[in-house]
Structures are given as C-alpha cells and as structure tokens.
Amino acid sequence: MTLSLILWLPLIGVLIIGFFPNPVKTNTLRNITTLFIFITLCLSIYLLTQFNLGISKIQFTEYLTWIPQIGLNYSLGVDGLSLPLIFLNGLLTLIAIYSIGEKVERPRLYYALMLLINSGISGALMADNLLFFLIFYELELIPFYLMIAIWGGEKKGYASIKFLLYTAVSGLLVLAAFLGITWFSGSASFDYADINTMALSANTKFILLTLLLIGFGIKIPLVPLHTWLPDSYVEASPATTILLGGILAKLGTYGLIRFGLQLFPDTWKLVAPGLALIGTITVLYGALVAIAQRDIKRMIAYSSIGHMGYILVACAAATELSLLGAVAQMVSHGLILALLFHLVGIIERKTGTRDLDQLNGLMNPIRGLPLTSALLIGAGMASAGIPGLVGFISEFIIFQGSFIIFPIATLICIIASGLTAVYFVILLNRTCFGKLNNKLAYYPQVLLLEKIPAFVLATLILFLGIQPQYLTRWIEPTTDHLIATLTPINVEIAQK
Amino acid sequence: MTQTLTKISPSNHEFADIIHRLEAGGSMLPDTPENLMQIIGIYKAYAVPMDFYWRDLLYIAEKVFLNPLPFFKYFLPQEYLDLKNHYAGDTADLRVWRGCAEAHPELINFIEKGETIKGSKLFHHLWHDRINMEFAEACMRAMYWHGRDMGMGKFDSYLDSDEYKHNADVAIKAYFKGNPAMLGLYKLFPEMFLEQVRQLSYYSNLGLFWEVMCPVFYEMSDIYDEGGFKDVSDAMNFLVNGIFAIAGRPIYHHVYIDGKCYEIISKSKGFTWLYEAALPYVEAVFYRTSPFRGTKSYNAQAKQVPEHQKDFHYGILYADVFPVGSAGIPPTLLMDDMLHFLPDYLKEYYQKNCRGEDDQLIQLGITFQRSMYNVTSAVIQALRTALLYPLDDENPKHLMKNRQFFEAQMDRFKRPEARLKDIQNPDYR
Amino acid sequence: MPTIVDIAVNNDNFKTLVTAVTVANLVEVLKSPGPFTVFAPTDQAFAKLPPGTITTLVQNIPQLSRILTYHVVPGKLMKSDLEKVNSVISVEGSPISIDCSDNFEVKNATVIMADIEADNGVIHVIDNVILMG
C-alpha cells in the first residue's frame, strides 16, 4: 500500500495543481508541491525503517493483474537496489522545488511536471514488471523535455530536442530488448519473477544484452553516447539539472544492474571487460574534458559523466563489494551532484554569469556569497573523494571491489579521481578565492529558502561520509544476493 | 568655475572636471546632499573612536612608555578619559567644539557597556567588544615607517639628532631605574630602546594630531544637525579654516616617569601641527600606508609590492574596501569602530542600499573613503591657500600656477587603483 | 641709520608684525648687527590669515618664532641681488623661492616696497604672510 501511495500521491498533487482555481499565487502552488513530495519522502523513510534487512528478495510487493493478454501487470516492490534511490528521488525533488529561485514562469505547469517526474521515477524504480518499468521510463521523457524546452537557457530548443531524440532511442532499444527477452524465453508475463533467460542461446542473449547496454548506456550516459548530456545539463534550469543528473541518469545504471546483470548473469562475463574499458574511458574523458571547461555548469556536467563511469566499472567487475559500491555511488553521486548544481544555480542567479574568467572572490564575507562558496568547497571536496565525505566512501568501496577483477582499469580510475581534484581546485580557486570585482559585486543576497536545501544536502553528505553504514545497510543484502548467483563466473574471470 | 576659465583656457587633464571644480572652490567629492549627509555622518562616527585613539596614544607615549609587557595599554585610565582636549570645552585654548573637553559621553557609554553587556574591561577586551586601538597603531606605524622617506617637516630628522638621543637616554635610564636586567639590556643593545622611543614619539605625534581632528569633526556634525552646511564645499571650507587655525599647535613628546616630566621632544623645538603632523599624516596614511595582509597576499619577488616606498599607494584614497571584513585588517577595525557610533540617519541610509545591515561595514567603508577625499580636498585647498594664490586672483600667471598645482595633485590619482573616479559615481557604495 | 626693528616700529603698517616679533622675543636678535634680509608682511597681510591662526601662534611662542624666522634671510640681499637667484634659504631652514620675471615676487607674496635699507640689513615689504612648504 505504501508503494502505491508513493506512486499515486504526486499524481493527486498534479490534479490539485491543475484544477486549483484561479488566481493562484506561485507560492501556494509551491507549497502544495512541497507538501505532496514531503509526504512521499516521509513514506520512503518509513519504508527504510520497515525494510527487512534479513531478506534479499523484493519486499512490500503489491500485485494486481492489469492486462494479462500482453503480460502487463500492476506489480510493485522494492529491494536494496531501488529503495535508496526512491528515497533519493523524494529528497532531490524536494531540493529541486527550491532550486529555481523566487520567480517561476508558468508555475502551474512547472510544479505539475515536477510532481509527474517524481511519480514517474518512483514508478520505474518500484516496477516489478518489465513493461510497467518501460512505461515509466518512457513517460519521464515528456516532462523532462518540457522542463528543458520551457525553463531552459539560451539554447533550450536545441538541447531539449537533442535530449528527446537520444532518450527516445534509448527507450526504443530497451523496449526491443524487453520484448525479445520475454518472447524468446516464452515467459507468461513481463513480471520479473516469470522471466528466465537460461534457456536462450548464447548469441540471442548477447544481442539482447547489447541492446540493453546501448539503451541504458545512452541514459547513463557512457562515452561515446554522452553528447546530449552537456547540452541538456547546461541549458536546463538548476532544478531540472538536479533531477536529470541526480536521479534520472541513475535509472540507466539501475537498469544495467537490474536487467543486464540480473537477467543475463552468464553473458555478463563476456561483456564485462568491454564494459570496464568503456567505463574507464568515460571516467578519464569526463575528468579531462571537465578540466578544459570555462563554464562552471558545463564543468560539473562533464564531471558527472566521469563519476557515472565508476559505476560502470564497478558493475562490470561485479563483486559483492564493487556492486555495493556501485549502488552507494548512485546515491552519493546523486547527493553531491544535486548540491553542486544547486550551488552553481545560486551563483548564476546572483552573479548573472557562470564564466570562470568573470567570477572571482565569492568568498568575500560581506559582499560575496560566502556561505554558498563554503558549501561549494565542501561539495567539491566530496566529489573529489576527500575522506569523511560520502564521495570517498562509495568510490573507495568501488575501487576496493573492482581491483581484484580489473586492476588496471581500477588504477586508471583512481588516477582520474585525482583529476577530479584538479578541476575542482581550478573551479574553487577561480570562483571562490581571489579578489572580488568592485565594479560587479553588487550581488543580491542568498535567501534562506535557497540556503536550506544546500544545508540538507551538505549535512547528508557529511553524515553518510562519517556513518556509511546508514548508506550501505539497505543495499548490502540485495547486492550480496545478486552476486551470490554470479560467484562461480567471477571466479572464472579472476582465474583467467 | 567660469571665473577662472575665462582667464585661462580649460585643463586637458584626465580629471579636468574635478580640477575645474577645485578651481571654483569645490571638493574632489561631487557636491550632492547625499554626499554631504554621508560624509558628515561618518565624521561623527569617526570622531568618537578617534576621541579614544588620541587619548590612548598619548597615554601610551607618556605613561606606558617602555613597559616591556604592555598588556594593559588599551585600558585607558580615568585620568586620560578626563584629559582636557585643548580644542573643546570651556578650558580650550581655542574652542573648536562647543561640547565638553573630556571624553565624549557616547564613548564613555560604549567603554562601559560595549555592544554586549556591562562587564569588566577585561571581558570586553578579550571579546573584542572595544575600540580597536590596533587601527590607530597601524596609522602610527605608517607614519613612522614612511617618515624618513617622505622627509616632510623636521620631526623625523630630529629623531636622529644627538639632542634627541640624549633626551631619550635620560628618559630610558629613568624609566628602568633599579632594574638591572633592563639596564643591562640597554647597555648591550642601546639602539633597541632608542628605536622604541622613536616609535613612542610618533605615538605622541599622532595623538596630538587627532586631538585636534576629533573636536573638528564633532563640531561639523553639530553644525550639520543644526542645518548649518549648505553643501560639500562648505564642509570642506570648515576643514580648511580648521587646518589654518590649528596649524601652529605644537607637536612634542613628554614622558611622565614617577610623576616627573621628561621632555623627549620639547615644545620649544617649534614643531607644528601642520608641518610635523598633519601633512606627514595625510601622505603616510591617506596615500601610502602599507599593504594589508588579509584576503589578499602579496608577493614582493613578483613585484606586487613596489620597490620604492614613495610608490606605495595603499591608503584610504586607493583602498579596495571590498576585502574589508576579514579579521585583523586595520581598516576593518576602523569600520568596526565607526559602526558603533553611526548616526541614525546614516544607519537608515545603509539599510536602504545594497544588502542593508549585512554589508554596512563595506558601505560605511566607502562612505569613509568619500569623506577622506573631502578631507584631502581640504588639505589641497589649504596648501593652495598657504603656498599659492587665491582662486579669484587677477593675474592669469598666478591662476596658471594654481592650475599646475591642482594638476600635479590629481596626477597622483591617475593610478588604476585610485578611487577618485569611483567616488564621482553615487552608485559606488 | 635705524635698525630693522626701529623701521618696523615707526611704521603704522607693521603693528601685527611688531607685536609678533616682540611676543616671540626676536627683538634683540633683529637689533643685533646681522645683517639680515627681512620680508616684512604688512598688517593687511596678517589680516588675510584665517581666524584663529594668530591666536594659536601667539599661545605657542616657539612655533610663532619659527614662522617669523622663515621671513628672515641671513645677509643683506637687495632686490638686485635677489634677481639673480631662484631661491634663498631662510633662517628657519626652509627655502624661499624668488621670482623677479614680472613683478618682484617672494613665494606667493608680491613685494610692494623693496630695498628699505636699515643699519643691520634690508626690508622688503610683502603683501602676504609666507609659509614653509
């Protein structure tokens, strides 16, 4: 019942916002949105407390037959893979509501879309049926497309179309893979429980897995399928970027583990080295390109590409530890990225620029944005993997877990995480330190409403960095179980 | 303006407008009611801490003297709070301010209560809820350090004379009488204590200088409150007259050891307020001073600090007020001191601009910069009066000399860091 | 011939100057053989000074005498001598610039009566009190 509430409450919110009598203040709409998202967030926290850590299987299941003819069922459930992401979804939506600033154009549509996105992502994460997952996966595109196209920056038209084309292709490839999986394996429905790919021929499995990899690879995104990302991230408003990078991209890695690794455990070993290679390239590419950027938002967008690469390497390695690290990295990357984009959003709104050459001395305690700068430094440290912050935990687990399987790839990733520090030092040194420009520095103040989300995120980043068991305890049973079914294969690879 | 311009052709200087304004008897600061309100308000806020500065500077120069552990040098004894200002009150030599000769009531009140609670002096000191004497000492050190290089007046060269050394020697020996350790140290390193005494002479110098400025600013505030000043040049002219009236005030350094007065620099040396204190002060503090550490750091090897002392331009006329606000920078300490004594109209004014209360320190810093441009204008006009010709002189040759003088003064603000251009704009806050 | 002091005392235009010299105890000096060149400001010249200036100076004799000694140059320098130089050093120690190109000008003062010879020097009457710097 709780899962359904999480899924449907935001949709009720959409209806209320849609039919709220005119004239209505932006604030009222925002408060309604906040209320609904807050309730779903509380429900996800409730789930976290009720989650049985002893069971590795899917919990809180809800099942209704819907269209049995095509095998589509209303089937919900969560496990250690999806539950942390559902919490993250609620949290980041709440943050995103307060990341766009005071004024919103067309508030009714804006907040309705926000709720839709929240509900859609929850749906995709909770779905226990391939087709049901895909419905949500595809449904997400429309609100995101509109968010970029309406509230985006200068080149929003270009960016939004590019986003739509890329992700639509991603959806088609995943659909093709799902249909193939179900039909070729002769399953009774699209329910996860019914599907067994053991009987398929190796070639079929390889082709299906490749389809999935490309499909989700676009979403993650992996180099060379990433070109939509910098444009979308940069052109979208900070709120949209937080949702895009913080949670939507995670659907890609989530899909990779859930459908790639879980459904094709034996084929996975064939593609694993290739995946590790792509992952490493992604990591290096993201970091090196980020160093060359002049636009801070673009820099963080590329940094995001790089950090998603770690997850891929970890998935490819597929050890208990690396998989745990992969899921932990999804959460920590979501938190850190959201904080970075939120702060960059504040900086852009206050100073009117994102240009590294123009920004300077924001640390100035009186006329600068001292708190924002301080938190930006914290977020940069977290992203660069400084111990004591959540980024370190997940990256460390990934490196430790992947090293046995792919030592060289892991070492390259470790070097690349050093490069993270390089571009963050560049970013922080230019924006936060130095001398504030007298002629420009009449920036408006940062409002409390803008500060609170940053505080919440920063607190979580620090807390989970010091007490990582609150991050890993929900994930561990599921990933352990997942790997248990793979172990012999891993050993094989390791022995080779 | 037209009067001068009809007799000689207009200036081609970069700051021609400002030069023409000076020639018309104006100030470098544009004449607007807003500017007048700002500068007078800040003079008031500056005068109250200055009332403390001059008293404490004299206290240190005269009483603390060579105390090797001067922990309590900022704890002004009642005697010095009651010290009669020579230019205020009924006992004044020349009454500049109509008010009292003792410390200003607002200052007394602040010393007792601070911004926190009524409590012991030690608490207020440690909590930094006090007047920041560090600023005054920084000014003193600027004068001391630049003194030799500037070569203005006769004060600094006197510090090297045998007469001075002898006077200092007598005082040092008297101060450390019965203290063989310190006397031994003095024997070993005679220059060390002598150098300290020279610095103390500058304490006295600056203290005596500010003793005059303090009542001048009080009086200006009172006149303004009565509706007395019409415009900025009125305020400037008041300063010009003040400078002339007090010009001959003696600058000296007396030390009191065991109730006995030792004249290290006697009044009979003929050192005057204008030549030995005011002009060196303006040059050392308004123009030169020294780079402040803080949010900025300087690399001397990379020539970020000028090679010659005369090229130092870090004074308030050039200061970048934005880094102000970082702890420990002397101008910040002054801003903080002035914050306690802002008149209500200035508080309201800051509330309405920029970030209101949050960046008051910078706003008042920039107001202070404006007000010091006005003081510098007064000095320039006073020098012009003293050394050159009246603005309405009939002789074009004389007017040309005035023009050259003004242009030479304005040349000093051609440097990129000078704020003369900025203060012409009311939006610079 | 009368001394410099005698000339000044006997002239109605130098009342302020005489008072100042008397207060500053410079009478004896100016009566001594010298010789001196004195640039003597008239009463009108002193009157041009802003109010308070004289008050403060009279209260502080050493400072007053310093200003006065700035008006005195050692040696007997006639206008014809001064025409040849750009500046002379005063008894006070600071230089006094001389400009004879148009009028006979001493710093920012104009000599309104030159070459009044005395027993122990010469007086040039000027229309401004000159100041160091």
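Here is a short tour, stop by stop. Keep in mind that this is a predicted model.

**Stop 1: chain B by itself**

Select chain B and hide the rest for now. How compact is chain B? Its radius of gyration is 22 Å, close to the 22 Å that the globule rule gives for 429 residues, so chain B is as compact as a globular protein of that length. Of its 429 residues, 51% count as buried. Now think about who touches whom along the chain. Among contacts in chain B with a separation of 6 or more, 74% come from residues 24 or more positions apart.

**Stop 2: two packed helices**

Stay in chain B and select helix 14, residues 330-339, together with helix 16, residues 360-387. Two packed helices are described by the angle between their axes and the distance between the axes. Here the angle is about 100 degrees, and the axes of helix 14 and helix 16 of chain B lie 9 Å apart. An angle of 65 to 115 degrees counts as roughly perpendicular, and helix 14 and helix 16 of chain B are therefore roughly perpendicular to each other.

Which residues make the contact? Show these side chains:

- from helix 14 of chain B: B:P331, B:M335, B:M338 and B:L339
- from helix 16 of chain B: B:Q360, B:L361, B:L364, B:G365 and B:F368

By class, this contact has 7 nonpolar, 2 polar and no charged residues.

**Stop 3: where chain B meets chain C**

Bring chain C back. Here 22 residues of chain B are in contact with 21 residues of chain C. Helix 16 of chain B turns up again: helix 12 (232-246) and helix 16 of chain B each supply at least two residues to this side. Helix 12 of chain B gives the most, with 4 residues. The chain B side divides into 12 nonpolar, 5 polar and 5 charged residues.

**Stop 4: where chain B meets chain A**

Next, show chain A. You'll find 12 residues of chain B in contact with 10 residues of chain A. On the chain B side, 4 are nonpolar, 3 polar and 5 charged.

**Stop 5: inside chain A**

Last stop: select helix 6 of chain A, residues 141-151. Its buried residues are A:P143, A:F144, A:Y145, A:L146, A:M147, A:I148 and A:W151. What covers them? The cover includes helix 4 (107-126), helix 7 (156-185), helix 9 (228-235) and helix 10 (238-263) of chain A.

Notes
Residues numbered from 1 in each chain as written. Chains lettered and ligands numbered in written order. Predicted model: local features only at pLDDT ≥ 70, side-chain atom pairs only at ≥ 80, totals over all residues. Contact = placed C-beta atoms within 7 Å. Nonpolar A, V, L, I, M, F, W, Y, C, P; charged D, E, K, R; others polar. Buried ≥ 20, exposed ≤ 12 C-beta atoms within 10 Å, placed from the backbone. Rg over C-alpha atoms; globule rule 2.2 N^0.38 Å. Axes fitted to C-alpha atoms, helices over the stretch in contact; angles between N-to-C directions. Parallel < 35°, antiparallel > 145°, perpendicular 65-115°, else oblique.
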